[in-house]
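Visitor: I would like to learn how to read a few features of a protein model. Please take them one at a time.

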Amino acid sequence: LFYTSTEQGGADCASCHSGDFFTDEDFHVLAVLQIGRGKGDGLTRTDDFGRFRETRQLKDLYAFRTPSLINVTVTGPWGHDGAYNTLEAMVRHNLNPAQAILAYPWDEIDEYVVDDYAKVNTRKALVRLEYNRRQGLDTIQNVDLTDDEVADLMAFLEALTDPCVTDEACLAPWMPADD
């Protein structure tokens, strides 16, 4: 699933999560929810335009760097702005962003997170993803996976996590002494 293209029945994860660190170090539009303060972009100054801030190329609007998947199960929350509290929710978002946005539990956002324009800004990110798809730009495509296949992907991601990172005794030789 991870390494196989969508045309061949896989999830095509490795097209972006490639190499020794499982990242292409590139920027992609995934239409991840736009919660929080953003970077001060847009008319409302509450948006985060992602890579567009640097390139000024519309294809990069809402594009964010592909994260490494090394130790990914312990690096949450997930998404460039921490919109997802579970890795599985982030995986499911990547499989079908529009569906994930519709199903997102907006009422569970922490009351201290600024979200006045979150839905509007998220909609703009989704519009950009859909536009990039129509233009034939390299971007994620919707993938239909069963719950068992998603569980298989989750097991693979778990295998990329070093058990030492969750074991204080194991980490001790690399941690500074408390003095």
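Visitor: Where is Phe22 found?
Guide: Phe22 sits in the segment before strand E1 (27-29); helices (H or I, at least four residues) and strands (E, at least two) are DSSP runs, numbered from the N terminus. This is a predicted model, in which local features need pLDDT of at least 70 and side-chain atom pairs count only at pLDDT 80 or more, while totals for chains, interfaces and linings use all residues. Residues are numbered from 1 along each chain as its sequence is written, and side-chain values use heavy atoms, with hydrogens and water left out.

Visitor: What is the phi of Phe22, and is the residue buried or exposed?
Guide: Phe22 is not a glycine, yet its phi is positive, about 55°. Buried means under 20% relative accessible area, exposed over 50%, and partly exposed in between (1.4 Å probe, protein chains only). Phe22 has 11% relative accessibility, so it counts as buried.
Guide: Tyr62, in the loop between helix H1 (52-55) and E2, also has a positive phi, near 70°. Tyr62 is buried, with a relative accessible area of 3%.

Visitor: Which residues does a cis peptide bond join?
Guide: The cis bond joins Gly76 and Pro77, with omega about 0°. Pro77 lies in the loop between strand E2 (63-65) and H2.

Visitor: Which residues touch the most other members of the largest nonpolar core?
Guide: In soluble globular proteins, nonpolar side chains tend to be buried together. A nonpolar core is a set of buried Ala, Val, Leu, Ile, Met, Phe, Trp, Tyr and Cys residues joined through side-chain atoms within 4.5 Å. Here the largest core has 41 residues, and Leu33, Ile35, Tyr84, Tyr104, Trp106 and Leu157 touch the most other members. Helices H2 (87-95), H3 (97-103), H4 (118-134) and H5 (147-159) each give two or more residues to this core.

Visitor: What does Leu157 touch?
Guide: Contact means heavy atoms within 4.5 Å. Leaving aside residues up to four places away in sequence, Leu157 touches Leu69, Val72, Thr73, Leu87 and Val91.

Visitor: How many residues line the largest pocket?
Guide: Rolling a probe the size of a water molecule over the atoms shows where empty space is left. On a 1 Å grid over the protein atoms alone, a pocket is an open set of points where a 1.4 Å probe fits, with protein on both sides within 12 Å along at least five of seven lines; lining residues have an atom within 4 Å of a point. The largest pocket is lined by 37 residues, with His17, Leu30, Pro67, Met90 and Asn94 nearest its centre. H2 gives the most to this lining, five residues.
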